[in-house]
Amino acid sequence: MMAEFALAALWLAAALSLLQLVLGALALRELPILPVSAAHGEGDHAKHGGGADRADSPSTAYGGPPPHGFAAGRTSAVLARAVRPVAVAQAVLVGAAFLLLIQLFLRTDLSVQLVAENSHTLKPWLYKFAGAWGNHEGSMLLWVTVLAVAGAAVALFERSLPERTLLATLAAQAAIGLGFYAFLLFASNPFRRLDPPPLEGNGLNPLLQDPGLAFHPPTLYFGYVGISIAFSFAVGALVTRDVGPAFARAMRPWVLIAWIFLTLGITAGSYWAYYELGWGGWWFWDPVENASLMPWLAATALLHSVTVLATRDSLRAWTVMLAVVAFSMSMVGTFLVRSGILTSVHAFAVDPRRGAFILLLLALYIGGALALFGARVGTVKEGTTFEPVSREGALVLNNLLLTVILGLVLVGTLYPLATEAMGVKVSVGPPYFNSAAGPIALALVLAMALGPALRWRRDRLKDAGRRLRVPLAATALALLAAMLLLPGMGLLPLLGLVLALGVGTASLAPLWGRNLRRTPLFIWGMVVSHLGIAVSLAGMASNAAFTEERLVAARPGETVSVGPYAVRFDAVQPVAGPNWTAIEARLTARRGGGRPFLLRPQARAFFAPPTETSEAAIATRLDGQLYTVIGRTDESGRWQLRLWWKPFVTLIWLGGFMVALGGFLALVGRVRRARRARRRGDEEAWA
Amino acid sequence: MRRALIWLPLAVFAAFLLVFLLGLGKRDDPAIRSQMIGKPVPAFALAPAVPGHPGLAAADLARGGPRLVNVFASWCLPCRAEAPQLMALKRRGIPIDAVAIRDRGEDVAAFLRDYGDPFERVGADPRSQVQFALGSSGVPETFLVDGRGIIRLQHIGDIRPEEVDAIHAAWERAK
């Protein structure tokens, strides 16, 4: 019964999504367009009853009482009021369907095809739970759930947007949802029954049997799909021709929330790949990693341009464009992963028909949004202008550089597809991405150091230089020290290390001379995020420059040294887990005269489905990680051991979390300030 | 200028769509084809994998008549499945040589004892070097090499009963 219930809930949610779209569109057609001036500025905060107030305005505006117009105004007000509850109900229904799917997995109900194909009664509890989204259909259901929940959140909490724009936004969100409901119901039904049910399920891909699976996909999806809000906001603003600071201020917190999740998801995903895949790398430029990086790059650019729009009313068309691009990248990513067009760990289902379906959705949504952009943005007036050397100028530079990196990553990801269409199979790997995106990323980091030191509107480089004299001196000293002490270092890691120090100091500059207790929270947010970037950069550069790797075939009893450690290979022994058996090596590592400690890397063999994975054993210290992997054995009884000493590699992820934390601080700061402003506004209105 | 810029994103997106469409259409064949088809067999000389069969060298494949080269391993299940088809090809008079990948002599001998022995020469390739040189990415794969040592055909995966005739015909054509 449960699967049928869930399927019914899914159908109902799809119907509500259609209703939301139709209601929104109808209400929008009949709600009169307000003069632009009234949609901005002082009237901004008194929008609660906006729909009802405005419904009366046609009768007065037209002089006479046109009965039709009056009635239409009344109905549209009713329609408009229904949109928010519909959005919430839709989210509740699809959320229920998703919870039921989890329940089906927890019970291992093998009469459901999806469970039979992807689960197993002997799987540990956590992986039954997380297995619900460790497959194509389940992950698409999660996708749609997040989409609906994001729409409902806007319906519930967004109070500062003009009613018309909000209606258009919710209608756009429903339109996106509708296509993906159709995809789910017609091409990827997660609740299909199997008759007769099999005796046992196929099990979950062992690479996914890791606690990371429980957190990584939902976090990433909240960011990935949450950015749909920005897309819908942009569509709403284009439909109502209402692009201005008020719109930017309303959109900013939503972009921030999605961006925080995206940052966390990418950081966690990177660490997961680092310890689970056992290759010692933290970023592989895998198409799926790129699929999550591209929306992040676009969202980061959007976050900065939206600030320019909110503060200075510039970059109107560009901000709207970025909002469209950010979610388009999420959809392209979904397409790349779900269609099986690119091979990857994440490609659960290789089915060209599904690919064609998503491609159709892509064409509709992205094509539609870009066409709307082309048709409408000409009517969006140019915002205010500014001098090149100014805060705005630095933010434009940030946007340009981020966009270039985005373009490079996109081209690198799709290039194999393009050549394959012409009959040649190639793969594009780290050499391309590192050498193409690396230097631009360093330039971007420089812009990041300079930007916050510049004033809005107009500034002089000389003044900015004076404000940044301490970081500049630190950079020069670091460069000198690095060249003297570390000769023969690669150029990119060297620059990375030096800039990390300089930029790290510069990112603190906005705090100097301020009363720290009275500094607004969103300034703290910016500082922490920028510092996080510097910390992460330091980790990347240090890992690239100082990592020591040893690949040996060793017999038990032998000692191998790597970095500051001497690692003795004591023994191998078989071990068994709930659904796997493994060969486990016992390694005793010792640093100088320090206390020895035990590391136990495993080569695991899962039996459902039969696959081998390698579980690295990692020792984390303040100044780096010792990373050990056991490989195969040869006839003479030697075992392959791979040992890495990675100085300060943990800074990469620490920095990532700092970036997300900074986003969170900014979010809290912005929301608090907006609420205070609204309260003040209400008081003034009452006075 | 501004007008053109405004429509540029849509144009770029349309181009990407086209690439995707072409990419989706091409998905029928996920196998990795050898780049060596139509080229001479690269030089190699492999030691015998089992007693009773000589080893295999590139020169053995350019002696006037077309031959099949089966890339296999005793640890590979599909190789067991295709053994009867190789025996059938052998009965039709087609000479077959083999390269045993990452294998041990006693295992190969046991494999040939249990599943039939259609091979003339069996070379041992303990590090997959010859396999990669031939452009093979897995086991089993079967290459048709003509009398001049040119690779004419690559069959990826196990040979099914219904594919025996086609391979026979290709061998006849290569004469």
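Chain B has a radius of gyration of 21 Å, whereas a compact globule of 175 residues would have one near 16 Å. The model is predicted. Along its principal axes, the C-alpha trace of chain B spans about 80 × 35 × 35 Å. Of the 175 residues in chain B, 36% are buried.

**Chain B: make-up and sheet**

- Chain B contains five helices and seven strands. Read from the N terminus, their order is α-β-β-β-α-β-α-β-α-β-β-α.
- Among the contacts in chain B with a separation of 6 or more, 76% join residues 24 or more positions apart.
- Five of the strands make an open sheet with mixed pairing, and its order is β5-β4-β3-β6-β7. Because β5 (122-125) and β7 (151-156) of chain B stand at the edges with a single partner strand each, one side of each has no neighbour in the sheet. From one strand to the next, the twist averages 20°.
- Within this sheet, β3 (residues 67-72) and β4 (residues 96-101) of chain B pair in the parallel sense, over five bridges. Asn70(B) has Ala98(B), in β4(B), as its bridge partner.
- Strands of a sheet pair through backbone hydrogen bonds, in either a parallel or an antiparallel sense.

**Chain A: the α20/α21 pair**

- Helix α20 (residues 491-508) and helix α21 (residues 521-546) of chain A have axes that come within 8 Å and cross at roughly 160°. An angle over 145 degrees counts as roughly antiparallel, so α20(A) is roughly antiparallel to α21(A).
- The crossing of α20(A) and α21(A) is left-handed.
- On the α20(A) side, the residues that meet α21(A) include Pro493(A), Gly496(A), Leu497(A), Leu499(A), Ala500(A), Val503(A) and Gly504(A). On the α21(A) side, the residues that meet α20(A) include Val527(A), His530(A), Leu531(A), Ala534(A), Val535(A), Ala538(A) and Ala541(A).

**Chain A: Arg338**

- Arg338(A) belongs to helix α14 (residues 316-338) of chain A.
- Arg338(A) counts as buried because it has 24 C-beta neighbours inside 10 Å, and the cut-off for a buried residue is 20 or more.
- Apart from neighbours within four places in sequence, the contacts of Arg338(A) are His136(A), Arg354(A) and Ile358(A).
- The C-alpha atom of Arg338(A) is separated by 38 Å from that of Leu499(A), and the two residues are 161 residues apart along the chain. Leu499(A) is one of the α20(A) residues that meet α21(A).

**Backbone points to check**

- The peptide bond from Asp195(A) to Pro196(A) is cis, and its omega is near -5°. Pro196(A) sits in the loop between α9 (163-187) and α10 (212-226) of chain A.
- In chain B, Val139(B) and Pro140(B) are joined by a cis peptide bond with omega of about -10°. The loop that holds Pro140(B) runs between α4 (129-134) and β6 (141-145) of chain B.
- Trp285(A), a residue other than glycine, has a positive phi near 55°. Trp285(A) is located in the loop between α12 (245-276) and α13 (287-312) of chain A, and counts as buried, with 20 C-beta neighbours inside 10 Å.
- Arg457(A) is not a glycine either, yet has a positive phi of about 75°. Arg457(A) lies in the loop between α17 (430-450) and α18 (461-467) of chain A. With 15 other C-beta atoms within 10 Å, Arg457(A) is partly exposed.

How values were computed:
Residues numbered from 1 in each chain as written. Chains lettered and ligands numbered in written order. Predicted model: local features only at pLDDT ≥ 70, side-chain atom pairs only at ≥ 80, totals over all residues. Pairing = 2+ DSSP bridges. Helix = DSSP H or I, 4+ residues; strand = E, 2+ residues; numbered from the N terminus. Axes fitted to C-alpha atoms, helices over the stretch in contact; angles between N-to-C directions. Rg over C-alpha atoms; globule rule 2.2 N^0.38 Å. Buried ≥ 20, exposed ≤ 12 C-beta atoms within 10 Å, placed from the backbone. Contact = placed C-beta atoms within 7 Å. Parallel < 35°, antiparallel > 145°, perpendicular 65-115°, else oblique. Left-handed = near helix turned anticlockwise from the far one by under 90°.
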